[in-house]
Amino acid sequence: MRRSKLLYVPFWATYVFLYLPIVVLVVMSFNSGDSAYTYEGFSLKWYGELAADERVRDGAVNTLIVAAGSTVIATVLGTLLAVGLARHTRSKVLDAVSLMPAVLPDLVLAIGLLVFFGLIQLTLGLYSVVLAHGVFAMAFVAAVVRTRLSGADTSLEEASRDLGAGPVATFMRITLPQLMPGIVAGALLAFTLSLDEFVIAFFTIGNAEPTLPIVIYSMIRFGVTPKINALAAILLLVSFTAVIAGQRLTKIGESRAQD
Amino acid sequence: MLKIDGISRRFGDVVALDDVSLEIGQGEFFALLGPSGCGKTTLLRIIAGFETPDAGAVTLDGDDLLSRQPNRRPISLMFQSYALFPHMTVAKNVAYGLERERLPRQEVRQRVGEVLETVGLSAHASRRPAQLSGGQRQRVALARSIVKRPRLLLLDEPLSALDKKVRADMQLELKRLQHDVGITFVVVTHDQEEAMSLADRIAVFDRGTVRQVDAPVALYERPCSPFVADFVGANNLFEGTAVGLDGIRSEEFGMLPGTPLSELAAGAKALLAVRPEKLALADQDAARGLAGSVLDVSFYGGVSHISVDVPGRVKPVLVAVQGASAVQAGAKVKVRWNAQDAVIMAVDQ
């Protein structure tokens, strides 16, 4: 059967719609002029200015701290949650509830966390953002690990028990290695989610030094400058790298697991 | 050695096992045979510890097994899917059970080497399961199970995933291995030929109950219930009522010759079973026998199967003869047998 060339039109149109703004942004970040809207020639000067900006540097460091911390929390708890749900309950309700933080509007989650932190009288700061992002990303990690678990063979765990391993040894030596590709993919997802998360961070950071998205937000109130384009291009690069690394690692893990 | 006493297990409304009792001796090769869904795998999982019975007891040399966790039972289970750990090499898979016992490394390495030698996989020790053929994987699973020197080895449909030729080889190998290592084997299978060729004794399961426990030959020649007669091997079954010691009276065919396995009250419902190889074909003018016409002749090399349509029967009568058959489809024949070659059993009301 010959496929109609016309079918490619919506396909490419969708891609252009998705990526044209991003391409424009990246191109404009190399603009030598002062305007964010008219391209005047190639230059790296905005990247230089970015590196010199102390607020941006501090923001980047804070964001990395938050992303790293919340990734650790989300990965450990999300994995345990997924295993618990898959192996120890048959409740559909618990299953659905575990996904809540992922589907809940960020705003609701942010307000909820803020109120909760106030209730337990936790002083807000970078660590409260770490906790908040941990909760938020945990649901995503759990969902990713969950799909891997449902495809996993329970007879492997039974075989391990049969060969004399206790429940803990079985989990560490059989279940975890089987889940590793899912866990890594979940961790990278958690990392990229935290990296550019604004709403929850904005609500739960209190008076602490802001994270990068909050810095960008305050910069943009005075208009879009090529400096922001440059910053966005760097963020884009980091996110892309993480996603591609995640996919690669998952694939390697899968081909290993099938070996 | 292994004593199963009054085990029952139900899943919701489904009775998987209903008051099953069995005794299996030291060094025996025992088969649990039955169609799928008859409860045989559930029983195996209860012995291994992955399923808990609602009632009953399982003891191994007098020790209660049910109160122990699966990892604390001196039993190995070989899974139908083999359940090899995909992220470990063959040697690591086999060593897994020994490492859990915290044996010295030297001993682990030695015993893994020995058992891989036994199953003929020494050259594949550093491969991963995915790089092996089906037969090789099965041998790894076997090696992993026996390396711990369990008192009892349970095998769940051990040969079902292999193709026919490999299966025949593995059957011989399983028997040889069982003989060499002297471990008691309990194999679950739905394949009656496999059970007969492997096992010393067979328990035939039907809907959660044991119908008969016997040696293969006895099971084949003297089935004591209609289910066993039908399930184990090919059989021609005739319904009728018991009359005396040499036959049954069938509504359609009159007197049919046969030998009752137990005393039957005259007039009781009875079933006569006669194996295809015990039947003989005779000319249509012969004095006795059931008249019919040949439907089909299938040549299998050593034997030929001839199905004969006998008016008054729903299923054709199956006749097996040595070598090639002289008759052709459509021929008018008579089918007959001797009274001592057919068994008569009671039919449960």
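Q: Which residues have the most contacts inside the largest nonpolar core?
A: This is a predicted model, in which local features need pLDDT of at least 70 and side-chain atom pairs count only at pLDDT 80 or more, while totals for chains, interfaces and linings use all residues. Residues are numbered from 1 along each chain as its sequence is written, and chains are lettered from A, with ligands numbered from 1, in the order in which they are written. A nonpolar core is a set of buried Ala, Val, Leu, Ile, Met, Phe, Trp, Tyr and Cys residues joined through C-beta atoms within 7 Å. A residue is buried if 20 or more other C-beta atoms lie within 10 Å of its own, exposed if 12 or fewer, and partly exposed in between, with C-beta atoms placed from the backbone. Here the largest core has 100 residues, and B:Val94, B:Ala143, B:Leu154 and B:Leu272 have the most contacts inside it. Helix H2 (residues 90–100) of chain B gives the largest share of this core, six residues. Helices (H or I, at least four residues) and strands (E, at least two) are DSSP runs, numbered from the N terminus. A second, separate core has 37 residues, including A:Leu113, A:Leu188, A:Leu189 and A:Ile205.

Q: What does B:Leu272 touch beyond its sequence neighbours?
A: Two residues are in contact if their C-beta atoms, placed from the backbone, lie within 7 Å. Setting aside residues up to four places away in sequence, B:Leu272 touches B:Phe238, B:Gly240, B:Ile248, B:Leu256, B:Gly258, B:Ala342 and B:Ile344.

Q: Is B:Leu116 buried or exposed?
A: B:Leu116 is buried, because 21 other C-beta atoms lie within 10 Å. This residue belongs to helix H3 (residues 105–118) of chain B. Apart from neighbours within four places in sequence, B:Leu116 is in contact with B:Val94, B:Leu121, B:Ser122, B:Ala125 and B:Ala143. For chain B as a whole, 40% of the 349 residues count as buried.

Q: In what order do the strands of the six-stranded open sheet lie?
A: Strands of a sheet pair through backbone hydrogen bonds, either parallel or antiparallel. Two strands count as paired if DSSP finds at least two bridges between them. In chain B the order is E13-E12-E11-E15-E21-E14, and the pairing is mixed. Strand E13 (254–257) and strand E14 (259–260) of chain B each have a single partner strand, so one side of each is left without a neighbour in the sheet. Within this sheet, strand E11 (residues 236–242) and strand E12 (residues 247–250) of chain B run antiparallel and are joined by two bridges. The bridge partner of B:Ala242 in E12(B) is B:Ile248.

Q: At what angle do the axes of helix H3 and H9 of chain A cross?
A: Two packed helices are described by the angle between their axes and the distance between the axes. Axes are lines fitted to C-alpha atoms, for helices over the stretch in contact, and angles run from 0 to 180 degrees between N-to-C directions. The axes of helix H3 (residues 54–88) of chain A and H9(A) cross at roughly 145° and come within 8 Å. By class, their contact has ten nonpolar, nine polar and no charged residues. Ala, Val, Leu, Ile, Met, Phe, Trp, Tyr, Cys and Pro count as nonpolar, Asp, Glu, Lys and Arg as charged, and the others, Gly among them, as polar.

Q: How many residues does each chain give to the contact between chain A and chain B?
A: Chain A gives 18 residues and chain B gives 20 residues. On the side of chain A, the largest share, six residues, comes from H8(A). That side has eight nonpolar, four polar and six charged residues.

Q: What is the phi value of B:Asp61, and where is this residue found?
A: Most residues other than glycine have a negative phi, and most peptide bonds are trans. Phi of B:Asp61 is near 50°, a positive value in a residue other than glycine. B:Asp61 is found in the loop between strand E4 (55–60) and strand E5 (63–64) of chain B. This residue is exposed, with 11 other C-beta atoms within 10 Å.
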